[in-house]
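Please keep the sequence and the structure in view while reading.

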Amino acid sequence: MSLRTRIYIVILLLSGLGYQASGIAKTFSLQDSLRRYQPGKSYTFQVESAIGEHAIAIEYIAGDAGSKLILTSPHGGDLKPEFMHTRTKDFVVSGSDLDYGDTESFSAMADSKTLELTLALAEEIRKVTGLRPHVVLNHLHRSKLDANRAMSLAAQGDENAIAAWKAFHQYIEDAKVQVAKNGSGLVLNIHGNAHRPQRTEVGLLLSGKDFLSGDLEKLADQSSVRALVRSGKASMKELATGDTALGTLLNEGGFTATPSKAYPNPIDANDFPDRRYFNGGYNTARHGSRFSGNISAIQLEFNQDVRMNDRSRNNYAKSIARAVTAFMNRYFK
Ligand SMILES: [Zn+2]
């Protein structure tokens, strides 16, 4: 057992950390939970070993009733309980749970400091708007749970990982129920990439090749912001590369973000010779409006300079909060 895990467990046993445990490990049910979510309060789901060791795996910090925004951090956790299976690249996916597209590549690399970035962003959004967004965090390291994959590859059969995966998505679903009361909303999935040159990638479920085709409108139905286009609030092109696209608003805050007005093609060989682009994964497909509903989703992949430095991260979070708030005011008022 690592020292960190040991400390976590001891703290949990002694004090409960002030958290309210909302589930018992290996089962997850929030049937009546909606009634008792209080804005600003933290709810957690713990994993548990056969001899009673605990660790906080998933955390939901409830947003204010008027908020239309949900922030998630699926890959920012660093907890590695030794009683959980360590994921391997050799695992054979069952193939029965690929409902939300082909997002089945294996990785056990964490998106370092994105959990901290997500919390900083939530706080800055509260300062700017007066409303706390909903926040859902996976505290487990990606080698224990990949909370941005279908269940089979995400958990690789580990009972605790399966329960934590269910808890992660149930908390998002519960947040979406609250947001939906306000008419519409947005899920932002916060990630980190290591592409060079460094840039922030905005994932709308359109592929890099889609941006070469020129006609984005035909592709709106496969995007994670489909509901915004369908409602007549914006064209697909406007949402991807227009004046008030999220990428463009981030550029105005000093980020190199793509797609955007300045960088309309995320695989442009001149701007980005590696031509790598993360266009959105399982969560963006499942929790956005590609398949159903009025709540859209965007994956934000921040480069290392934005997230790694403990001193500068909060300033970046301020700039991201301004861009996100401008986007929300434009499309979710
Ligand atoms: Zn990630």
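Helix 2 (114–129) and helix 11 (313–331) each supply at least two residues of the lining of the second largest pocket. The model is a predicted one, in which local features need pLDDT of at least 70 and side-chain atom pairs count only at pLDDT 80 or more, while totals for chains, interfaces and linings use all residues. Residues are numbered from 1 along each chain as its sequence is written, and side-chain values use heavy atoms, with hydrogens and water left out.

**Second largest pocket**

- A pocket is an open set of points on a 1 Å grid over the protein atoms alone, where a 1.4 Å probe fits, with protein on both sides within 12 Å along at least five of seven lines; lining residues have an atom within 4 Å of a point.
- Helices (H or I, at least four residues) and strands (E, at least two) are DSSP runs, numbered from the N terminus.
- The space in the second largest pocket is about 310 Å³, a volume being the space filled by probe spheres set on the points.
- Its lining has 15 residues, and Thr129, Leu131, Met328, Asn329 and Lys333 lie nearest the centre.
- Helix 11 gives the most to this lining, namely four residues.

**Largest pocket**

- The largest pocket holds about 700 Å³ of space.
- Among its 31 lining residues, Arg142, Arg149, Arg276, Phe278 and Glu301 are the closest to the centre.
- Strand 6 (185–192), strand 9 (295–302) and helix 10 (304–307) are the elements that give two or more residues to the lining of the largest pocket.

**Zinc site**

- The zinc ion has the protein donors His75 (ND1), Asp111 (OD) and His191 (ND1), at 2.0 to 2.1 Å; donors are N, O and S atoms within 2.8 Å of the metal (3.2 Å for Na, K and Ca).
- Along the chain, these donors follow the spacing H-x35-D-x79-H.

**Aromatic pairs**

- Rings of Phe, Tyr and Trp (its six-membered ring) pair if their centres lie within 6.5 Å, and planes over 60 degrees apart count as edge-to-face.
- By this rule there are 11 aromatic pairs.
- Phenylalanine 211 and tyrosine 277 form an edge-to-face pair, because their ring centres are 6.3 Å apart and their planes lie at 80°.
- Phenylalanine 211 is buried at 11% relative accessible area, and tyrosine 277 is buried at 14%.
- One aromatic cluster is formed by Tyr37, Tyr43, Tyr60 and Tyr171.

How values were computed. Rings of Phe, Tyr and Trp (its six-membered ring) pair if their centres lie within 6.5 Å; planes under 30 degrees apart count as stacked, over 60 as edge-to-face and the rest as tilted. Buried means under 20% relative accessible area, exposed over 50%, partly exposed in between (1.4 Å probe, protein chains only).
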